Structure formats: C-alpha cells, structure tokens
Amino acid sequence: MNVETITSQDAQQRLKQGARLFDIRDADEYAHEHIAQASLLSLTDIEKGGKPQAVSEQDVVIFHCQSGKRTAQNAAVLATAASPAKVYLLEGGINGWKQQGLAVIKGNNQPLPLMRQVQIAAGSLILAGTILGYVISPLFFLLSGFVGAGLLFAGISGFCGMATLLAKMPWNQPK
C-alpha cells in the first residue's frame, strides 16, 4: 500500500476540504500539545484494532506524530486501519506543523510527556550512581547497572516499570 507524505500546507488545504486528521501519539503527548483539528487515535490503540470511525473510499485521512518518524515507520499499519480511505502522512509531524508557524493547542499545566519523564529519571539515576560510585563507594555503580538493566528489559519486553510508576505520580493524574 503506497502512502504519500504531505506538507503542512497541503494538509491544511485538505482539512478545509473535509479531510480528517489523527494524532497517533500517546494521550499524555496529545494533552501536552496538539493540532486543533486533530483527534487522538494512538498507535497503541491502532495496534489493538482501533480505527477511525466510518471511513469510506471518498474520505481522506491524515495521520501525524511528533516528528513524522512514527507515522513513516508504521505507514502500512495506518493505511490498513483507515482502509478504504485515502491515507496521507503529515511531513515532520506536529514539529513540522509548528515550524510552518501553524497553531497548536497547548495543555495548561500538563506535565511533560511520560517518556520524557522516564528519560529524565533514568538519566538522573544513572548519573547519580556513577558520581556516587566514584566519590563515595563503588557499590553505587550497582544503581547505574540496575537502571540500565531496567531500560534493557523495557526495550525487549515493551513493559517499563519506571513509566508505570511515574504514571501513578500525583502530577500525572487527571485533574
């Protein structure tokens, strides 16, 4: 299935003509900022069988992510989910949209996206373990090794314990 990539200007024009725009990022990323016309249909939901509602051959569906990489990597999955509609991918994702000076809606008081929180926490723990290992005791290197092993496990299994823990933190709870 051949899926074309279109520019932000092309997408805007197609939206005026009735195209539907879907954001495939996770809910926390969408809540942080999104394109006004975009509906959330996360890649995770699509992989579980989620589809845009009531699409026909005459419909035009545009998918976007943060930078365009997730949509490009999953073009076949997205095309299948929106079949039989004509499917396009937004070049550069929401980042490309913003670079063209087009408006986005930013969530007020939304925390950082969960994966960024994981990266900050993991990086901080690894750095702390390394510094404390050199300054106080080599046993602190175990902290860095433990976090590294957790990241490796998350990459292999698809389950991230740190993300699960951070998702339960008060700042990540709906208000």
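Helices (H or I, at least four residues) and strands (E, at least two) are DSSP runs, numbered from the N terminus. The model is predicted: local features need pLDDT of at least 70, side-chain atom pairs count only at pLDDT 80 or more, and totals for chains, interfaces and linings use all residues. Residues are numbered from 1 along each chain as its sequence is written, and side-chain values use heavy atoms, leaving out hydrogens and water.

Start with helix α7, residues 114-135, which holds Gly-129. Gly-129 counts as buried because its relative accessibility is 0% (buried means under 20% relative accessible area, with a 1.4 Å probe and protein chains only). Leu-143 lies 14 residues from Gly-129 in sequence, yet their C-alpha atoms are 5.2 Å apart. Leaving aside residues up to four places away in sequence, Gly-129 touches Phe-140, Phe-141, Leu-143 and Ser-144 (contact means heavy atoms within 4.5 Å).

Now look at the helix pair. α7 packs with α8, residues 141-157, at an angle of about 155°, and their axes are 6 Å apart. Axes are lines fitted to C-alpha atoms over the stretch in contact, and angles run from 0 to 180 degrees between N-to-C directions. The two helices are therefore roughly antiparallel (angles over 145 degrees). Among the residues making this contact are Ala-122, Leu-125 and Gly-129 of α7, and Phe-141, Leu-143 and Val-147 of α8.

Turn to helix α1, residues 8-16. Ser-8, Ala-11 and Leu-15 are buried there. They sit on the same side of α1, because they cover an arc of only 60° around the axis, taken from the directions from the helix axis to the C-beta atoms. Gly-18 follows α1, with a positive phi near 105°.

Conventions
Buried means under 20% relative accessible area, exposed over 50%, partly exposed in between (1.4 Å probe, protein chains only). Angles under 35 degrees count as roughly parallel, over 145 as roughly antiparallel, 65 to 115 as roughly perpendicular and the rest as oblique.
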